[in-house]
Amino acid sequence: MEIDQLRYFLKLAENRNFTRAAEELLISQPALSRSIQRLEEELGVPLVVRKSKALDLTDAGLLMKSRAEQIMAIIDDTKARITDDGESGRIRLGAIPTIAPYFLPPFLKRFAKDFPKAKVELHEDTTQNLLAGCSQGEIDLLILALPVVGKHLAVETLFTEELLLVLAENHPLLEKKQIRATDIETLPFVVLNEAHCLSDTISTYCRGRSFQPVTVGRTNQLSMVQELVALSESVSFVPEMAAKLDRAESRVYRSISGSKPTRTIAMIWDPYRFQSRLIQTMREKLKAEVLKR
């Protein structure tokens with residue numbers, strides 16, 4: 001049994017398709033098929049059930065996947081420890097979509113300049129998927145909005161930011177000098193889909209003011225929330241970091257008077273997995289980045 005065989009099998013298990021797996025591995029499909037066949041012959045049992053469009057893992061395949069992930073994690077960890085020079089290596093950084101495009105680009109640009117030998121892989125996904133990736137050793141460091149639900153995680157708060165009310169440029173509420181939560185309790189809201197934690201934060205804030213937001217639209221992208229608000233009398237809450245980068249004249253951002261909606265951003269990682277000196281440096285750089293805000 002060879003390391004490449006395990007790597008090929010894991011990629012096949014991930015894609016459930018020989019063609020896609022071979023493309024990502026940069027090998028031919030026959031070469032991948034031969035590798036899996038040799039692995040099955042050595043073990044004496046089938047690992048996959050081949051179908052026309054996709055494949056399934058057998059019980060033996062599921063066990064093999066679990067053990068192969070453990071083996072590859074040990075290999076990656078060993079290599080990282082041996083070659084850890086604090087200047088080079090790979091960092092798999094995860095962030096939710098309401099943070100990644102607004103907070104990370106200038107930071108990553110400066111980090112790349114300071115550490116030209118480092119390779120940063122950005123994973124943008126929902127909180128639940130990112131936490132799963134972290135627990136499985138597929139992501140080294142996460143930047144998420146609290147709270148998070150997960151075991152054996154290290155959490156370090158970075159900063160708290162306000163969520164600003166966004167309205168169309170001609171919205172009647174803009175005639176008010178101060179906008180309170182009571183002014184928006186009957187207005188239609190456009191929010192992100194439920195998989196995004198920002199929706200929960202908005203709902204929690206509204207329920208704390210004794211009303212449930214009337215949702216008239218859901219989308220997967222924060223930019224679409226902004227566009228839909230600009231085209232209607234609906235409203236929403238948008239993180240301050242996103243509002244600052246919005247140059248559109250078709251919408252206006254206002255701070256709610258009184259108790260304001262906020263979210264807290266934090267770094268999260270698995271303290272039981274190896275953290276290279278480079279990853280530790282990134283954590284320190286992220287904390288320093290916050291001080292510049």
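Predicted model: local features only at pLDDT ≥ 70, side-chain atom pairs only at ≥ 80, totals over all residues.
Local features require pLDDT of at least 70 and side-chain atom pairs pLDDT 80 or more, whereas totals for chains, interfaces and linings use all residues. Residues are numbered from 1 along each chain as its sequence is written, and side-chain values use heavy atoms, with hydrogens and water left out.

Q: Why is Thr-201 called buried?
A: Buried means under 20% relative accessible area, exposed over 50% and partly exposed in between (1.4 Å probe, protein chains only). Thr-201 has a relative accessible area of 18%, and is therefore buried.

Q: What is in contact with Thr-201, leaving aside its neighbours within four places in sequence?
A: Contact means heavy atoms within 4.5 Å. Leu-163, Thr-262 and Arg-263 are in contact with Thr-201, which lies in helix α7.

Q: How do you know that the span of helix α1 agrees with its number of residues?
A: The expected span is 1.5 Å times one less than the number of residues. For the 13 residues of α1 (residues 3-15) this should be 18 Å; the end C-alpha atoms are 19 Å apart, so the two agree. Helices (H or I, at least four residues) and strands (E, at least two) are DSSP runs, numbered from the N terminus.

Q: What makes β7 and β8 paired strands?
A: Two strands pair if DSSP finds at least two bridges between them. Strands β7 and β8 (residues 214-219) have 5 bridges, in the parallel sense, and Val-191 stands opposite Arg-218 in β8.
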